[in-house]
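Please look over the sequence and the model shown here before reading on. The report that follows takes up one topic at a time.

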Amino acid sequence: MRPTWAEIRLDRLVENYFAVKQYVGDAVQVMAVLKADAYGHGAVEAALCLERHGADQFGVALVEEGCQLRQAGVGLPILCLGGFWQRQQAQECLELDLTPTVYHIDMLKILEEVALKAGRKLAYHLKVDTGMGRLGVRPEQLTSLLDYAVTCRAAVLEGVYTHFAAADEPERDQETAAQIRCYEACLKLIEQRLGRVCYRHLSNSAGLHRWPRARGNMVRTGGLIYGLWRDVLAPSPPPPAVKPVLSLHSRIILIKEVPAGTPLGYGATFVTKHRSLIATIPIGYDDGWRRACSNNSRVIVRQRYAPVVGRVSMDLTLLDVTDIPGVKIGDEVVLIGEMGDVSITAEEVAGNIDTISYEITCGISKRVPRVYKTGSTR
Ligand SMILES: *Cc1c(COP(=O)(O)O)cnc(C)c1O
């Protein structure tokens, strides 16, 4: 096996989850959001581990993702945040006990029909669009949806939620406050028609951090449980104490000494200025180590930073290791993570290439094996 891997610290995932739980207090449930294969960390492993340690609920984007978790033996409630696509997926929700999201009256009609036919109840969450402009029923459409919802006998409203567009941006606090007011007004209307709603939730990581009054009785968090927060949360108040769960590793497979003036990699975008030691590592953009990192990023070798030189190619990356004493073939390289006192966060890598940490961890491809660790032993 080529020496490139991602290490997933499940112990930290659990610690982070409970750091968030403590942060929001006992009255609020914490839904761990495991969509996109748990932001690249591995949804099945994350879910089984969190369930074993007493997590409350899970959220996924797709019905397919929910099915994968059920097939792996996950028993906790799973909310499908992205809704469901047509009757087939409504049927799957019913059969696998996944909770669908409804954001259009026609979806509710399908759920009611599918559940009636099966002679069973099917719980759903209703999503309202309070200002994100993405999924959700617009407040103006709510009344007609509720007129139908009150007639349903098999589809049962179990939750009402919304999603913030900019909860991490203090300069847009007014818009977030307006979203909260809009949600509260919608919830009031819904409860007048359908009675007390079991789960009332608004906040993602950024929201639960900055908007304590918008926690309802559940929050949905992804970023924080993976220890991603530097580009997720507003600068204040202090964040919950969470630590990165994922680290990305490789090893040096070749070192060469080259004279000044040596071009490196495709397009010769880097030319050595002096005699240099250049190392090759077997990771490239097909692994999710992005091409935009070319000449633009650093990694850790022997507890020191080494710059990425030349273009990152599909399978390989070059490093300037001239200043790393004792460097040799086989040395471990940390691209994201810690080595001794030195660290590189996913947020740093994201910042170098003008994206966010979520895209970095989600982007680490399936070609990179995940190695799961449950203790602090290394
Ligand atoms: C992804 C997602 C979340 C989690 O967002 P984080 O920023 O990772 O906390 C919460 N709610 C919905 C609807 C989502 O799609």
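## Terms and basis

A residue is called buried when its relative accessible area is under 20%, exposed when it is over 50%, and partly exposed in between, with a 1.4 Å probe and protein chains only. This is a predicted model, in which local features need pLDDT of at least 70 and side-chain atom pairs count only at pLDDT 80 or more, while totals for chains, interfaces and linings use all residues. Residues are numbered from 1 along each chain as its sequence is written, and side-chain values use heavy atoms, with hydrogens and water left out.

Leu 246 is found in strand S10, which covers residues 246–251; helices (H or I, at least four residues) and strands (E, at least two) are DSSP runs numbered from the N terminus. Leu 246 counts as buried because its relative accessible area is 5%. Contact means heavy atoms within 4.5 Å, and, leaving aside neighbours within four places in sequence, Leu 246 is in contact with Glu 7, Ile 8, Gly 40, His 41, Ile 336, Thr 361 and Ile 364. The C-alpha atom of Leu 246 is also separated by 7.2 Å from that of Gly 337, although the two residues are 91 residues apart along the chain.

Ala 38 has its place in helix H2 (residues 35–39) and is buried, at 0% relative accessibility. When residues up to four places away in sequence are not counted, Ala 38 touches Ala 43, Ala 46 and Tyr 226. With Tyr 226, which is 188 residues apart from Ala 38 along the chain, the C-alpha separation is 8.5 Å.

## Helix H8

Helix H8 runs over residues 173–194, and its 22 residues reach 31 Å from first C-alpha to last, close to the 32 Å expected at 1.5 Å a residue; the expected span is 1.5 Å times one less than the number of residues. Its buried residues include Thr 176, Ile 180, Tyr 183, Leu 187 and Ile 190. An α-helix has 3.6 residues a turn, so residues three or four places apart point the same way.

What covers the buried residues of H8 includes strand S6 (122–127), helix H7 (139–149), strand S7 (155–161) and strand S8 (199–201). Just after H8, Gly 195 takes a positive phi of about 90°.

## The nonpolar cores

A nonpolar core is a set of buried Ala, Val, Leu, Ile, Met, Phe, Trp, Tyr and Cys residues joined through side-chain atoms within 4.5 Å. The largest such core has 119 residues, of which Leu 34, Leu 50, Phe 58, Trp 289 and Val 301 touch the most other members. Helix H1 (residues 10–24) gives the largest share of this core, seven residues. A second, separate core of six residues includes Leu 264, Phe 270, Ile 278 and Val 309.

## Asp 331

Asp 331 lies in the loop between strand S17 (317–320) and strand S18 (332–339), and is buried, with a relative accessible area of 6%. Its side chain makes a polar contact with the side chain of Arg 302 at 2.6 Å. A polar contact is a pair of N or O atoms within 3.5 Å; within protein, one must be able to donate a hydrogen and the other to accept it, and residues adjacent in sequence count only if both atoms are side-chain atoms.
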